[in-house]
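Open the model in your viewer and follow the stops below in order.

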Amino acid sequence: MHSRKIIPVILLLAVIALFPVMTRSEYILNIMITFFLYVILSESWNLIGGFAGQISLGHSAFFGIGALVTRLVWLSGIPVIPALFAGGIGAAALACSVGIPCLRMTQAYFPIGTLALAMIAQITIGNIFPLPGSLSSEYVAAYNLSSRYYLAFAVGIFTVLTVYLFARSKKGLALVAIRDDEGAAAAVGVKPFQHKILALLVSSFMAGLGGGIFAYQHVSYFYSAPFELSWAFLPTLTTFIGGLGTISGPIIGSVAFLALSELFVLNLGEIHLLVFGATFVLIVMFLPKGLFSLSVGIRSFLRDWALRLIGRGEAKKL
Amino acid sequence: MGQTLVYGILNGSLYGIIALGIALVFGIMKYLNLAQGTLIILGAYIGLYLSQLGLDPFLSIPVVMVALFLFAAVLFKTCFSRLINFDEEEKIKNSLLISFGLMLFLDNLITVIWTSDERSITPAYSGITFELFGLRIPLIGLAGALLAVILILLLHLFLTRTYFGQSVVAVSQDQEAASLMGVNVSLTFLTSFAISVSIASIPSMLIALQSFSPTVGLHWFNKGIVVVILSGIGNIYGVLPAGLFLGIIEALSVYIFGPSYREVTGLAVFVLILILVPKGLFRRRGAA
């Protein structure tokens with residue numbers, strides 16, 4: 001990141017951090033927590049889907065396991081932050097046991113294989129825990145929305161920062177090299193499989209943390225709710241629409257998704273998904289680098305145009 | 001036990017026809033159409049509309065077939081035709097993504113039009129069963145199994161006995177060479193896609209006679225893709241045995257673990273096969 005970009009980003013983060021002080025509206029705070037959740041999920045998916053190029057349709061399994069483990073550990077009396085980590089580790093453990101065999105599938109089968117795994121997880125958890133889990137009265141009495149807000153905010157920053165640093169590290173560059181040409185990368189000594197495993201582990205760990213936030217935020221929900229496939233489709237949509245393999249892409253996509261779903265929240269059916277499905281198709285067809293590339297493209301077009309204007313002016317002066 | 005197997009076999013033939021549409025597109029065009037299940041459900045809703053007008057479900061199959069054929073042709077022209085000249089891996093990946101978006105779009109469009117209520121078509125004969133060797137066999141399930149066999153025979157005749165079918169086989173073997181020999185590749189693609197979607201009209205009707213709602217498309221696609229992988233990619237003759245295999249496995253798992261793990265068993269078999277035998281169980285040498 002350029003140093004001149006750091007100041008606006010810090011200012012923006014400071015404003016976001018002051019939200020719970022500025023407003024007491026539960027609606028706004030809950031929306032913001034959902035936004036952090038979307039960013040965590042999308043950005044973690046971006047690591048495996050965008051940077052490693054493995055389109056996973058099974059991210060909901062990691063998210064769900066994170067939620068499940070965090071909830072159970074937290075309700076057993078352990079403070080929430082260790083519980084959150086337990087959730088992340090649970091998700092990474094799931095990735096170890098079932099995700100790694102999936103990485104052996106060739107590119108076309110990886111999405112379908114992970115989708116199948118997500119469905120298995122959803123049905124199995126729904127069978128094991130058929131009833132919704134609710135907080136006991138002492139937990140409800142201690143419920144404090146701004147602590148949820150700050151925890152989600154912190155995990156959000158952690159996730160974005162991790163993906164940012166990972167993408168710029170040597171491992172991240174190797175990952176992009178593998179995505180762009182696996183054979184060439186292997187020929188110069190980059191080990192494709194090991195790097196993909198690393199990306200999957202980091203990605204699933206962060207998705208598990210996101211699941212933990214979900215478990216911490218909600219008072220009562222069916223244990224299978226965070227396993228629903230929509231949690232796997234969401235990061236795919238937001239990341240593709242925002243910009244695959246970029247840091248700001250998933251954030252842009254999350255904002256767009258949230259704004260649209262709030263706009264259509266009272267309508268019959270899920271119109272925001274209808275719009276997003278159509279947008280997704282158009283993006284894959286015409287703008288494979290996402291909306292982010294559109295903004296970059298417009299900016300460079302404007303710059304060229306401005307330079308040409310200036311250049312012409314100077315030529316006239318001479 | 002015997003009764004369970006009967007249901008397994010009848011369900012399996014339904015899985016086989018669903019898989020046929022997916023296998024055809026996948027084998028010939030190297031397109032992976034995630035929206036096939038949703039298109040089946042779309043067909044079911046068209047069938048529901050026709051049955052409300054008083055048309056018998058089995059008689060409405062040809063109408064639904066034509067409707068899906070035309071819809072698929074438009075869909076191909078607008079969304080998929082630009083992938084024709086991509087290389088194989090890019091084709092699979094992009095078609096998967098496009099059809100994923102389409103699936104979400106169509107699922108929600110169907111919800112908006114027909115609401116998310118669960119529906120079914122129940123003609124007077126829907127409960128009829130008859131006895132054979134002491135086993136009860138439902139009439140509709142048997143009709144579905146017969147349709148599956150007839151469909152595969154027809155498709156076989158189409159691919160081997162007609163000029164157009166031969167050009168389809170040629171394109172599936174070597175797209176570039178076929179194009180050099182004067183085969184109109186884009187027309188072949190368009191027609192193959194439309195045919196494989198119109199095949200969905202039969203599972204549409206069979207599912208409509210059970211029960212359906214807007215979002216179950218992905219569930220049926222999954223049955224189909226499991227069978228496609230079991231049978232070996234692009235092997236259209238393997239889909240019926242592979243479908244029966246899946247149906248029987250599911251029936252056995254209901255017998256052993258109870259009905260709530262039926263889905264899980266099928267999917268677990270699928271994941272195991274993807275990992276262990278990626279080329280499929282019923283692979284035949286030289287099959288289209």
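Which residues do ring pairs link into a cluster? Select A:Tyr38, A:Phe63, A:Phe129, A:Phe214, A:Tyr221, A:Tyr223, A:Trp231, A:Phe257 and A:Phe276: ring pairs link them into a cluster. Rings of Phe, Tyr and Trp (its six-membered ring) pair if their centres lie within 6.5 Å; planes under 30 degrees apart count as stacked, over 60 as edge-to-face and the rest as tilted.

This is a predicted model, where local features need pLDDT of at least 70 and side-chain atom pairs count only at pLDDT 80 or more, while totals for chains, interfaces and linings use all residues. Residues are numbered from 1 along each chain as its sequence is written, chains are lettered from A and ligands numbered from 1 in the order written, and side-chain values use heavy atoms, without hydrogens and water.

Next, keep A:Phe63 and A:Phe214, an edge-to-face pair with 5.8 Å centre to centre and 65 degrees between the planes. A:Phe63 lies in helix 4 (residues 59-75) of chain A and A:Phe214 in helix 11 (residues 192-217) of chain A, so the pair ties together parts 151 residues apart in sequence. Helices here are DSSP runs (H or I, at least four residues), numbered from the N terminus.

Move to A:Tyr149 and A:Tyr150, also an edge-to-face pair, at 5.6 Å and 90 degrees. A:Tyr149 is buried at 0% relative accessibility, whereas A:Tyr150 is partly exposed at 34% (buried is under 20% relative accessible area, exposed over 50%, partly exposed in between; 1.4 Å probe, protein chains only).

Finally, show both chains: 37 residues of chain A are in contact with 40 residues of chain B (heavy atoms within 4.5 Å).

Key
Helices (H or I, at least four residues) and strands (E, at least two) are DSSP runs, numbered from the N terminus.
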